[in-house]
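Dear colleague,

Here is the structure for your files. My notes on it follow below.

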Amino acid sequence: MFAAKPGRLIVSCQPSTPDSPLNAPQHMAAMAAAAEAAGATALRVNSPEHVVAVKAVTTLPVIGLWKRADGRGQRVITPDLESARALAEAGADVIALDATAEAHGVPGRLAMLIQSIHDELMLPVMADISTVAEGVRAVGYGADLVGTTLSGYTPYSPQQAGPDLNLVRELAEAVTVPVVAEGRYTSPEQARAALLAGAAFVVVGNALTAPDVAAARFIAAMEPEAGPLTAERCWAETFVAIAQVQATQGPAVREAAALCAGAILAGGSVHFAGAGLPGGLTSPADVFIVAGGGGDAGSGAVGGSVGKLALDAKRRGHGLIAIGSLAQARRHPDGRQLLEFADVFIDNADPAGTASGVTGALIAQALKVETDRLIKAAGAGSDRGFGVQFPNAFG
């Protein structure tokens, strides 16, 4: 549907809020031109007025949407055919619409809207959804693309700070149309993870085109002790920790992934344990991953029952990967043993030098993604060989 380009990035050129100083056609047009110059594949633009301005300065396909009140007075993405027609007349190449159960609870209404856009406007439709069931329903009604845009914005979808990679993965397996990953993508690593999970394209908005949102993250991260504890501050501090781990532990993650992939291709499996017991190690090729801090009282990688099980697994010839605080491991007798025996030790300490469960979970997810990539590159199925589900990076 869109010209193939490296990265498959769609840039969302929309103001962060209606009262943003950037909420003007000329500003969105300038952002769109910059995105095209950088190599973006397509653009996502809100309102006919902004679509006209963007189409005047770029040659990229535009996914047009219009956030406006529906018949109930609720703000919905392209709620009706009138809105879609205005976007088409403005030059949109694809019409995006809200395909959630909340927006279209009346039987047949969504199907009629998609069919009308096809028949009367002769344009493809991108269905913005929040669950797999909504995506499957929209595709059944004729949607040409399905986007994870609204995950977290309906009360029945996962409420999390980061992108919904699980939804991307499940949608890619459930539908035959291209899956567009969208919603809270703030780093290149997350975008790459979405592609590896099965997305055909990734939409990035605020991280690229909303300097007010980006500036707020920087300010919160630079002055973490200032002001009350807020969701924005927690999010910013989390990314400080993640950025440090990504910068320093990338080689260790790749080394650990090679160990995991080799074990799976040899007929073994990978078993993950946090603060609980792992699945059974049944094959000589099995690899044991242990994560978590723990110290004197805990049961994670550094000390306690699971750390001792990890050392026992290594003594019996299994591969061993440990994720934990390097500084803490050096202070603890069991931790020093783990450092000596582990094939790979991945340090998940935050900038203050303490263990960070968020970055530990992110490392575990990154490790699984990289392992999947290596297995696929070897021509094997990517879903076999994991004895325990890896944790979600954002809960």
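Leaving out residues up to four places away in sequence, aspartate 98 touches Val76, Ile77, Ala103, His104, Leu110, Asp128 and Leu150 (contact means heavy atoms within 4.5 Å). This is a predicted model, in which local features need pLDDT of at least 70 and side-chain atom pairs count only at pLDDT 80 or more, while totals for chains, interfaces and linings use all residues. Residues are numbered from 1 along each chain as its sequence is written, and side-chain values use heavy atoms, with hydrogens and water left out.

Aspartate 98 is part of strand 6 (residues 94-98); strands are DSSP runs of E, at least two residues, and helices are runs of H or I, at least four, numbered from the N terminus. Its relative accessibility is 9%, so aspartate 98 counts as buried (under 20% relative accessible area; exposed is over 50%, partly exposed in between, with a 1.4 Å probe and protein chains only). The side chains of aspartate 98 and threonine 100 form a polar contact of 2.7 Å (a pair of N or O atoms within 3.5 Å, one able to donate a hydrogen and the other to accept it; residues adjacent in sequence count only if both atoms are side-chain atoms).

Arginine 44, in strand 2 (residues 42-46), is buried at 1% relative accessibility. Its side chain makes polar contacts with the side chains of aspartate 128, at 2.6 Å, and glutamate 182, at 3.1 Å.

Regards
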